[in-house]
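Reader: I would like a close look at one part of this model, with the criteria spelled out as you go. Please take the charged contacts as your subject.

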Amino acid sequence: MSTPPSARPSWYALERGGWRDYVTLLHLPYTAWHLSYVVIGGCLAPAIAWGRLGAAVVAFALAVGVGAHALDELSGRPLRTKIPSSVLTMLAVSSIGAACAIGVLGALSFRLWLILLVPVGLFLVLAYNLELLGGRLHSDVWFGVAWGGFPVVCGYAAVAGEIGAAAVVAAAFAILLSLAQRALSNRVRFVRRHVDDVRGELELRDGSREIIDAHWLIAAEERGLQLLAAASVMLAAALVVYRL
């Protein structure tokens, strides 16, 4: 007996075509997860500047939510969207460029040294998603640094104008949580995007048998990813409420 895995390349992907492809491209649950790191970092600053924190969130939403995912889709079409390559290129260039502009303007109006974070962020987006340097930076560790630790540091720095001890500890938390995300998602992505069929069964000690299908194979990991994403967003929301 065999059960084919879901045709969707991710659990949050919509049916292909039209506006649905653009919603799928945003990876909304995961984008919200990583934007929550920016909020967490900003809310740990000694004094809150909501305008600067909001600008940092918008910049990361453009760079990560749109730009990075557009670049990723250009490379092999992992989400199987029908968005033309020319549109994906335009989205990547314009969104990443806008994010960099926000960073530069923020640095010029607050702390000039913050401008150093802009080329670092640009390098991380391009190096990871375009798999530069032979793909050496397209790894679990670099995922944790780029999409976990870096957003926390930027959120804190955008608000406080410095990088304090709290930012370093919170960045370590975000890196570890991002590594947990990666560990859970690796097999899920492999099954959803590369596996056509799953066959097998478990013979239990009481003599019964349990059929193994694609859903069984990835259900626990996907549930864990959903809960971790929700937990991170709720933590950010709790910090916002606390600092209001």
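Which residue forms a salt bridge with R187, and how far apart are the closest N and O atoms?

Author: Before the answer, a word on the basis: this is a predicted model, in which local features need pLDDT of at least 70 and side-chain atom pairs count only at pLDDT 80 or more, while totals for chains, interfaces and linings use all residues. Residues are numbered from 1 along each chain as its sequence is written, and side-chain values use heavy atoms, with hydrogens and water left out.

The partner of R187 is E221, and the closest N and O atoms of this salt bridge are 2.2 Å apart, where a salt bridge is defined as a side-chain nitrogen of Lys or Arg within 4 Å of a carboxyl oxygen of Asp or Glu. Because E221 lies in helix 8 (residues 214-243) and R187 in helix 7, the pair ties together parts that are 34 residues apart in sequence; helices here are DSSP runs of H or I with at least four residues, numbered from the N terminus. The two partners can also be described by their accessibility, for which buried means under 20% relative accessible area, exposed over 50%, and partly exposed in between, with a 1.4 Å probe and protein chains only. E221 has a relative accessible area of 14% and is therefore buried, whereas R187, at 40%, counts as partly exposed.

D197 forms a salt bridge with R199, with 3.0 Å between the closest N and O atoms; D197 is partly exposed at 32% relative accessibility, while R199, at 62%, counts as exposed. E201 pairs with R209, and there the closest N and O atoms are 2.6 Å apart. Of these two residues, E201 has a relative accessible area of 41%, so it is partly exposed, and R209, with 49%, is partly exposed as well. This contact belongs to a network of salt bridges that links E201, E203 and R209.

Helix 7, which carries R187, spans residues 165-194 and also contains V169.

Terms used: Helices (H or I, at least four residues) and strands (E, at least two) are DSSP runs, numbered from the N terminus.
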